[in-house]
Amino acid sequence: MIKGFRGTSLIDYPGKISSVIYTYKCNFHCPYCYNLDLIIPEKYKKLKDISVDWIIEELKRRSFFIKGVVITGGEPTIWGKELINLIEKIRYEVKLSIKLDTNGSNPHLIKELFEKDLVDFWAVDFKTAPFRYHEIGGEFDKVEKTFEILSNIPEKLEIRITLYPPLISEKELKEMLPYLRNFKYIAFQKCIQKNKKFSYPIEFYRKAKELFQKELPLAEILERF
Ligand code: SF4
């Protein structure tokens, strides 16, 4: 399940120094994915598997200065029970806060994690307008269910929107707005690609932020651009 580990990060868990665990495989195929080593079989097969026991020992060794653990991917939730076991081990053996990054495609597992209160902070991607999810291999009705479950804990959730021009224009943003009414933190992220033709000028980010602030007055729109 695990193919990567970063011991210390200052940017992956809002307000906490954290370690980052990378799972491999993903059920989406976003064209801008910057973790290709973890999602293309020919690439991830070359990476060494990392055992949960090794991770737990590393976290214990660092637990005097890290305050949280981020589990990201790939898509962590495709690992089902294995992911739950990992989270329980971290929670009960190392006692660190846990943040989970997900594309929202496994509401069944997310419900179980939510009901067991195993995750302290969630980051869920909102990739494009619902009618375009099929283009990245996703089913929006599953993501919508995830949104419904996590709308119960808006203070523990960040929705991440990567402004990748071929998937998100003003039209898509307007289609996404109705699904965001119950959320508190929405982050606009810059699409980082070597090919600059898939980046918006800064004015687009500002306009998008203005639109969201106007339509979602209770939300804080975070700038990652
Ligand atoms: S959901 Fe994340 S890991 Fe999966 S393809 Fe998209 S960007 Fe890559």
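The legends below describe close-up views of a predicted model.

Local features are reported only where pLDDT is at least 70 and side-chain atom pairs only at pLDDT 80 or more, whereas totals for chains, interfaces and linings use all residues. Residues are numbered from 1 along each chain as its sequence is written.

View 1. Eight strands form an open sheet with mixed pairing, in the order β1-β2-β3-β4-β5-β6-β7-β8; strands (E, at least two residues) and helices (H or I, at least four) are DSSP runs, numbered from the N terminus, and two strands pair if DSSP finds at least two bridges between them. Because β1 and β8 (220-224) stand at the edges with a single partner strand each, one side of each has no neighbour in the sheet. Direction ignored, neighbouring strands of this sheet are turned by 25 degrees against each other on average.

View 2. Strand β1 (residues 2-13) and strand β2 (residues 16-23) run antiparallel and are joined by six bridges, with Gly4 standing opposite Tyr22 in β2. The two strands form a hairpin with two residues between them, and in the turn Gly15 has a positive phi of about 80 degrees. Strand β3 (residues 68-72) pairs with β2 in the parallel sense over five bridges, and Gly68 in β3 is the bridge partner of Ser18.

**View 3. Two backbone details in loops.** Most residues other than glycine have a negative phi, and most peptide bonds are trans. Lys25, in the loop between β2 and α1 (36-39), has a positive phi near 75 degrees although this residue is not glycine. Gly73 and Gly74 are joined by a cis peptide bond with an omega of about 10 degrees, and Gly74 is found in the loop between β3 and α4.

**View 4. The residues around the ligand.** The shell around the ligand consists of Cys26, Phe28, His29, Cys30, Cys33, Asn35, Ile39, Gly73, Gly74, Glu75 and Asn103, a residue being counted as near if its C-beta atom, placed from the backbone, lies within 6 Å of the molecule. By class, this shell has five nonpolar, five polar and one charged residue, where Ala, Val, Leu, Ile, Met, Phe, Trp, Tyr, Cys and Pro count as nonpolar, Asp, Glu, Lys and Arg as charged, and the others, Gly among them, as polar.

**View 5. The packing of helix α3 against helix α4.** The axes of α3 (residues 52-62) and α4 (residues 80-94) come within 11 Å and cross at roughly 30 degrees; axes are lines fitted to C-alpha atoms, for helices over the stretch in contact, and angles run from 0 to 180 degrees between N-to-C directions. Val52, Ile56, Leu59 and Lys60 in α3 meet Leu86, Lys89, Ile90, Glu93 and Val94 in α4, contact requiring C-beta atoms, placed from the backbone, within 7 Å of each other. The residues of this contact divide into six nonpolar, no polar and three charged.

**View 6. The packing of helix α5 against helix α6.** Helix α5 (residues 107-115) and helix α6 (residues 140-150) pack at an angle of about 15 degrees with their axes 9 Å apart, which means that α5 is roughly parallel to α6, a term used for angles under 35 degrees, while those over 145 count as roughly antiparallel, 65 to 115 as roughly perpendicular and the rest as oblique. Pro107, Ile110, Lys111 and Phe114 in α5 meet Lys142, Lys145, Thr146, Ile149 and Leu150 in α6.

Methods:
Two residues are in contact if their C-beta atoms, placed from the backbone, lie within 7 Å.
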